[in-house]
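Please keep the structure open while I talk.

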Amino acid sequence: GHSAIVVSGRELVESPGGHPAIRKASILQFLHLHPQHAQFRPKSREMGQGAAQFAEEYLAEYQENLRQGVYRPVFSFSLKEDLDDPWGTIYCSKLVWLCYYYGANYELKNDFLWFSPEDLYTQLKGNPDFVLVYKDSGFRFKFNS
């Protein structure tokens, strides 16, 4: 699975793997690469705006780090850093978790070692603070990670 956070009508911020560890990309490219997906939106406009604003600011700080030769965070599924540490390592669903945690003051619970896209889906599908906007008929996870 993969996850990202939408920041405008056409763009999202994601941690796609490798370098750069965080980037802005078009929603269309995400849909092309991940046709079997689910989309959620927070019911609170302020929560969504806060999470999206954090994503934009976090990306800007990351890009400034790169300009200064500081490659932080790095893409990794390492469990050495805490989930709430934004500057050690990053991966796609951790990025979404951080955006809600810091940008909207909303903590999504983690059930195992790392916060996977499956965890994100499981947390949101029955969550009264979020609404399912779209789910492809072929979308599913094979493992509870």
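Let me begin with burial: a residue is called buried under 20% relative accessible area, exposed over 50%, and partly exposed in between, with a 1.4 Å probe and protein chains only. At 45% relative accessibility, Leu79 therefore counts as partly exposed. This is a predicted model, so local features need pLDDT of at least 70 and side-chain atom pairs count only at pLDDT 80 or more, while totals for chains, interfaces and linings use all residues. Residues are numbered from 1 along each chain as its sequence is written, and side-chain values use heavy atoms, with hydrogens and water left out.

Staying with Leu79, its place is the loop between strand E5 (74-75) and strand E6 (89-90); helices (H or I, at least four residues) and strands (E, at least two) are DSSP runs, numbered from the N terminus. Together with Phe112 and Leu113, Leu79 makes up a nonpolar patch on the surface, with about 340 Å² of accessible area in total. Patches of this kind take residues with over 30% relative accessible area and no salt bridge, joining nonpolar side chains (Val, Leu, Ile, Met, Phe, Trp, Tyr) within 5 Å and like charges within 9 Å, and the areas come from the Shrake-Rupley method with a 1.4 Å probe, where for residues only the protein chains shown count as cover.

Now to the interior. A nonpolar core here is a set of buried Ala, Val, Leu, Ile, Met, Phe, Trp, Tyr and Cys residues joined through side-chain atoms within 4.5 Å. In the largest such core, which has 28 residues, Ile5, Val13, Ile22 and Tyr100 touch the most other members. Helices H2, H3 (92-103) and H4 (117-125) each supply at least two residues of this core, and H2 gives the most, with eight. If contact means heavy atoms within 4.5 Å, then Tyr100, leaving aside neighbours within four places in sequence, is in contact with residues including Ile5, Pro42, Met47 and Phe130.

Helix H2 itself covers residues 45-67, and its 23 residues reach 33 Å from first C-alpha to last, close to the 33 Å expected at 1.5 Å a residue, the expected span being 1.5 Å times one less than the number of residues. Among its buried residues are Met47, Phe54, Tyr58 and Asn65. After H2 comes Gly69, with a positive phi near 80 degrees.

Which residues are linked in a network of salt bridges? They are Glu11, Lys24 and Glu56, where a salt bridge is a side-chain nitrogen of Lys or Arg within 4 Å of a carboxyl oxygen of Asp or Glu. Between Glu11 and Lys24 the closest N and O atoms are 3.9 Å apart, and this pair joins strand E2 (residues 11-14) to strand E3 (residues 23-26), 13 residues apart. Lys24 and Glu56 meet at 2.8 Å, N to O, and that pair links strand E3 with helix H2, 32 residues apart. Glu56 is partly exposed, with a relative accessible area of 29%.

By the same rule the count comes to four salt bridges, and another of them joins Glu14 to Arg23, with the closest N and O atoms 2.7 Å apart. Glu14 counts as buried, at 2% relative accessibility, whereas Arg23 is partly exposed at 30%.
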